[in-house]
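Keep the sequence and the 3D view side by side while reading.

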Amino acid sequence: MLQDVATVTSADAIWLGRLVHWKDRATWFGPLGDWVRPFFRKGAWERLQRTRPRDLPWDDYDWLDVVLAPKLLVQIDTALDLLANALEGAVLRSFHGCRVADAGVYHRDGLRLNDPTQRAEAVRRMVAEDEELAWLRPTIDEKLAQWGSRERDTGRLYVCADDQPQLDRIGHYMLYGSEWVTALLGFSAHRALRRRGVPTMIEVDLPFRTAAANTRREFARKLLQEWVRVTVNAPTFIPKLDFTVTVQVDLPPEMIVGHYHPEALKDPFRQFEIHETETPHCPSCAADRSASGAAFA
């Protein structure tokens, strides 16, 4: 029989204020084992430890539905709902890829929600200042007025639970900057965009309560699934998790805990050709903010 509600609820305190960093299993593997153990049937915990390694992809749902489910006193869906609720108290180490001249602006001002009016003004300044974009000057106001995607992402910003996919397969945010601007100006502006700023990965400690409940639930599935896989297969590799969190509040500077400049990125717009970063640092790095340069995987 499942332990009483008070016991299970007290286990949620494991996550209060705890940093969860996907790539650093020490931040979540042990705590997740402590959290889930009360849900196991008698003797099932020991049986899981003795389970022979399985030849399953890391992201196969069978880790939960076949390997774990028969050993629990509750349905997998119930366990995921409870874990999603418990993770509301946790802090997610997350990442925001961008292109900026000085990352210090985020350390000072935090991350702001997308505002199309501010984006439009930035585009006008860019076109006015850059001779390579001079051909856009006569039409930029009309282009902005008629652009059907002007309101895309208004009032939102996006962070990822793992920086690896951005370094490997979706590096365009750091190669060209704002997706809003890139989509508006098109491929002809790519060279000009790459001359502005430095590829930058912003590191954010995001209180998980700012994420939608369904986002926490999906992350709970990824986390518990990986916990089962590591428990059974004892693997050494860390999967690249393509997982985005949509945020609808400005993030204050105290949540910005670091940044770095990748030494190289793959361009998804050009068959993943490699672009090396000419200057992998910014003024904020020189001001005693260490940049832990990371290359593509």
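## About the model

The model is predicted, so local features need pLDDT of at least 70 and side-chain atom pairs count only at pLDDT 80 or more, while totals for chains, interfaces and linings use all residues. Residues are numbered from 1 along each chain as its sequence is written, and side-chain values use heavy atoms, with hydrogens and water left out.

## The largest pocket

Rolling a probe the size of a water molecule over the atoms shows where empty space is left. On a 1 Å grid over the protein atoms alone, a pocket is an open set of points where a 1.4 Å probe fits, with protein on both sides within 12 Å along at least five of seven lines; lining residues have an atom within 4 Å of a point. Grid points are joined across faces, edges and corners, and a volume is the space filled by probe spheres set on the points.

The largest pocket holds about 1300 Å³ of space. Its lining has 38 residues, and Cys 98, Tyr 106, Asn 114, Arg 119 and Ser 178 lie nearest the centre. Which helix gives the most to this lining? It is H7, with six residues; helices (H or I, at least four residues) and strands (E, at least two) are DSSP runs, numbered from the N terminus. Among the other elements that each supply at least two residues are strand S2 (91-100) and helix H6 (104-109). By class, the lining has 18 nonpolar, 10 polar and 10 charged residues. Here Ala, Val, Leu, Ile, Met, Phe, Trp, Tyr, Cys and Pro count as nonpolar, Asp, Glu, Lys and Arg as charged, and the others, Gly among them, as polar.

## The second largest pocket

About 310 Å³ of space lies in the second largest pocket. It is lined by 13 residues, with Arg 99, Arg 194, Glu 276, Thr 277 and Glu 278 closest to its centre. Helix H12 (190-194), strand S4 (198-207) and strand S8 (273-276) each supply at least two of the lining residues.

## Nonpolar cores

A nonpolar core is a set of buried Ala, Val, Leu, Ile, Met, Phe, Trp, Tyr and Cys residues joined through side-chain atoms within 4.5 Å. Buried means under 20% relative accessible area, exposed over 50%, and partly exposed in between (1.4 Å probe, protein chains only).

The largest core has 57 residues, and those touching the most other members include Trp 15, Trp 35 and Phe 219. Helix H13 gives the most to this core, with seven residues. Another core, of 24 residues, lies apart from it, with Leu 144 and Val 181 among its members.

## Single residues

Asp 168 lies in helix H9 (residues 164-168). Is this residue buried or exposed? Asp 168 counts as buried because its relative accessible area is 8%. Its side chain makes a polar contact (a pair of N or O atoms within 3.5 Å; within protein, one must be able to donate a hydrogen and the other to accept it, and residues adjacent in sequence count only if both atoms are side-chain atoms) with the side chain of Lys 240, at 3.0 Å.

Most residues other than glycine have a negative phi. Ala 234 has a positive phi, near 45°, and sits in the loop between helix H13 (213-233) and strand S5 (244-247). Ala 234 is exposed because its relative accessibility is 59%.
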